[in-house]
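Reader: I am new to this structure and would like a friendly tour. Could you walk me through it, one step at a time?

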Amino acid sequence: MPRPIDLTTGRGKQRPYRSIVSAMVADNAGKTLQRAVFLDRDGVINVEKGYLHRIEDFEFLPGVPLALRLLKEAGFLLVVVTNQSGVARGYYSLETVHELHRHLQSELVVAGVTIDGFYICPHHPEHGSADSAGECNCRKPLPGMIERAISDFRIDPTRSYLIGDKLSDIEAGRAAGCRSLLVRTGYGAAVVQSVPQDVTIVDDLPAAARFILGEEIS
Ligand SMILES: [Mg+2]
Ligand SMILES: [Zn+2]
């Protein structure tokens with residue numbers, strides 16, 4: 001029997017900060033499909049600090065709230081997809097991750113934007129106990145979190161983007177059928193040389209947003 005996917009999307013009462021979905025587009029068949037920008041968290045939205053879990057250590061990278069707002073206003077859902085093996089490793093709890101995301105969300109609300117969904121992989125193949133142990137379908141580079149969001153929100157992956165700072169982010173985005181962009185923030189500068197040639201490389205999330213919005217116009 002396949003292992004069930006546990007993406008801890010926390011729908012319902014666990015996620016009071018989950019926002020209402022508004023952006024809708026129609027595909028060729030007239031079905032309503034949405035577009036999304038899938039976002040890695042650490043090194044893309046906030047400064048990469050290594051197993052970040054304390055709210056006082058959370059720090060947006062420059063220009064991120066405004067960039068997210070512009071993407072949202074252009075009709076993209078904003079979906080965070082984050083590996084958090086610190087849970088499996090026992091460094092912090094899943095609830096701590098949720099708390100950090102509530103903080104992130106409340107900071108964004110001030111800037112006039114909200115994240116539509118947070119998808120967390122708390123697993124690690126060699127660490128953990130109970131529900132966070134062992135192999136899973138969601139740890140990037142696997143596309144499980146993205147695929148779950150595609151299903152939850154009825155997203156068209158071919159008209160969606162992923163923004164990440166690691167090869168594993170890029171691979172997950174490609175596996176899900178999304179156009180993937182590597183930022184130089186976080187671990188990005190160190191992996192620029194090793195990404196496939198067709199991957200778009202940009203300085204940071206604001207530059208990624210300009211690239212995506214530029215494609216919309218042209
Ligand atoms: Mg990252
Ligand atoms: Zn997982």
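Reader: Is F118 buried or exposed?
Author: Happy to start there. A residue is buried if 20 or more other C-beta atoms lie within 10 Å of its own, exposed if 12 or fewer, and partly exposed in between, with C-beta atoms placed from the backbone. F118 has 28 other C-beta atoms within 10 Å, so F118 is buried.

Reader: Before we go on, what kind of model is this, and how are residues numbered?
Author: This is a predicted model, in which local features need pLDDT of at least 70 and side-chain atom pairs count only at pLDDT 80 or more, while totals for chains, interfaces and linings use all residues. Chains are lettered from A and ligands numbered from 1 in the order in which they are written, and residues are numbered from 1 along each chain as its sequence is written.

Reader: Which strand holds F118, and which residues is F118 in contact with, leaving aside neighbours within four places in sequence?
Author: Helices (H or I, at least four residues) and strands (E, at least two) are DSSP runs, numbered from the N terminus. By that scheme F118 sits in strand β5, residues 117–121. Two residues are in contact if their C-beta atoms, placed from the backbone, lie within 7 Å. With neighbours within four places set aside, the contacts of F118 are V80 and H101.

Reader: How many helices and strands are in the chain, and what share of the residues is buried?
Author: The chain holds 7 helices and 8 strands. Of its 218 residues, the buried share is 44%.

Reader: Which residues of α1 are buried, and why do they line one face of the helix?
Author: The buried residues in α1 are V64, P65, A67, L68, L71 and K72. Seen down the axis of α1, they line one face because they fall within an arc of 165°, where the arc is that of the directions from the helix axis to the C-beta atoms. Their cover includes β3 (35–39), β4 (76–83), α3 (94–110) and α7.

Reader: At what angle do the axes of α1 and α7 cross?
Author: Axes are lines fitted to C-alpha atoms, for helices over the stretch in contact, and angles run from 0 to 180 degrees between N-to-C directions. For α1 (residues 64–73) and α7 (residues 205–217), the axes come within 8 Å and cross at roughly 20°. That makes α1 roughly parallel to α7 (under 35 degrees; over 145 is roughly antiparallel, 65 to 115 roughly perpendicular and the rest oblique).

Reader: Which residues of α7 meet α1?
Author: On the α1 side there are V64, A67, L70 and L71. The residues of this contact divide into 9 nonpolar, no polar and no charged; Ala, Val, Leu, Ile, Met, Phe, Trp, Tyr, Cys and Pro count as nonpolar, Asp, Glu, Lys and Arg as charged, and the others, Gly among them, as polar. On the α7 side, the residues are L205, P206, A209, I212 and L213.

Reader: Where is the cis peptide bond?
Author: Most peptide bonds are trans. P141 lies in the loop between β5 and α4 (144–153). The cis bond, with omega about 25°, joins K140 and P141.

Reader: What is the phi of Y51?
Author: Y51 lies in the loop between β3 and α1. With 14 C-beta neighbours inside 10 Å, Y51 counts as partly exposed. Although Y51 is not a glycine, its phi is positive, about 55°.
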